[in-house]
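Hi,

Here is the structure I promised to pass on. Have a look at it first, and then read my notes below.

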Amino acid sequence: MLAKSTPEELLLTARYYHLINEKGILDALNEITSSPKKFLTDMLYYVICPPQKYAEILNDALKGVGASDDTIDDIICNRHDVDMPLIKKFYSHLFNSDLKEDIEANTNGTYKNLLLKLIEDGSNN
């Protein structure tokens with residue numbers, strides 16, 4: 001059911017679940033110990049708080065040996081004019097790190113300059 005739902009339907013489901021059960025649907029998912037738990041949790045985070053999920057994905061893409069350019073491109077290019085200020089705030093809060101500094105440290109050249117310009121432009125909306 002959840003996999004075929006629109007984001008609006010998922011958000012309404014999460015709100016309705018909370019009203020009926022007096023706890024959030026994400027809290028209920030924490031009680032699940034099976035492998036679908038991560039999938040369901042990730043899917044709901046995309047709906048309930050997309051900037052938080054994007055911050056987590058960006059952090060994963062930037063850490064380690066070399067950055068995952070496709071993931072970084074996808075998020076920054078598609079979200080820079082939508083919710084980049086919130087993504088940056090969540091990134092800072094969750095990882096005690098600055099997105100701009102992490103981009104500077106893990107990318108280079110024209111690519112780095114483009115990413116930095118996009119995240120700054122997104123902050124000016």
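Let me start with Leu-19, which lies in helix H1, residues 7-21 (helices here are DSSP runs of H or I with at least four residues, strands are E runs of at least two, and both are numbered from the N terminus). Leu-19 counts as exposed because its relative accessibility is 67%; the cut-offs are under 20% relative accessible area for buried, over 50% for exposed, and partly exposed in between, with a 1.4 Å probe and protein chains only. Together with Tyr-16 and Ile-20, Leu-19 forms a nonpolar surface patch with about 380 Å² of accessible area. Areas come from the Shrake-Rupley method with a 1.4 Å probe, and for residues only the protein chains shown count as cover. Patch members need over 30% relative accessible area and no salt bridge, with nonpolar side chains (Val, Leu, Ile, Met, Phe, Trp, Tyr) joined within 5 Å and like charges within 9 Å. A salt bridge would be a side-chain nitrogen of Lys or Arg within 4 Å of a carboxyl oxygen of Asp or Glu.

Some ground rules. This is a predicted model, in which local features need pLDDT of at least 70 and side-chain atom pairs count only at pLDDT 80 or more, while totals for chains, interfaces and linings use all residues. Residues are numbered from 1 along each chain as its sequence is written, and side-chain values use heavy atoms, leaving out hydrogens and water.

Now the overall picture. The protein chain has eight helices and zero strands, and 37% of its 125 residues count as buried. Taking contacts (heavy atoms within 4.5 Å) with a separation of 6 or more, 50% are between residues 24 or more positions apart.

On to the inside. The largest nonpolar core has 18 residues, and those touching the most other members are Leu-58, Ile-72, Ile-76, Ile-87, Leu-99, Ile-103 and Ile-119. Helices H4 (50-62), H5 (69-79), H6 (84-95), H7 and H8 (109-123) each give two or more residues to this core, and H4 has the largest share, with six. A second, separate core of nine residues includes Ala-14, Ile-25, Leu-40 and Met-43. By core I mean a set of buried Ala, Val, Leu, Ile, Met, Phe, Trp, Tyr and Cys residues joined through side-chain atoms within 4.5 Å.

Leu-99 sits in H7, residues 99-106, and is buried at a relative accessible area of 1%. Beyond four places in sequence, its contacts include Leu-62, Tyr-91 and Ile-119. Leu-58 is another of the contacts of Leu-99; the two C-alpha atoms are 8.5 Å apart, although 41 residues separate them along the chain.

Ile-119, in H8, counts as buried at 0% relative accessibility. Setting aside residues up to four places away, Ile-119 touches Ile-76, Met-84, Lys-88, Leu-99, Lys-100 and Ile-103.

Last, the cysteines. Cys-49 is buried at 16% relative accessibility, whereas Cys-77 is partly exposed at 39%. With a disulfide taken as a pair of cysteine sulfur atoms within 2.5 Å, the count comes to zero.

Cheers
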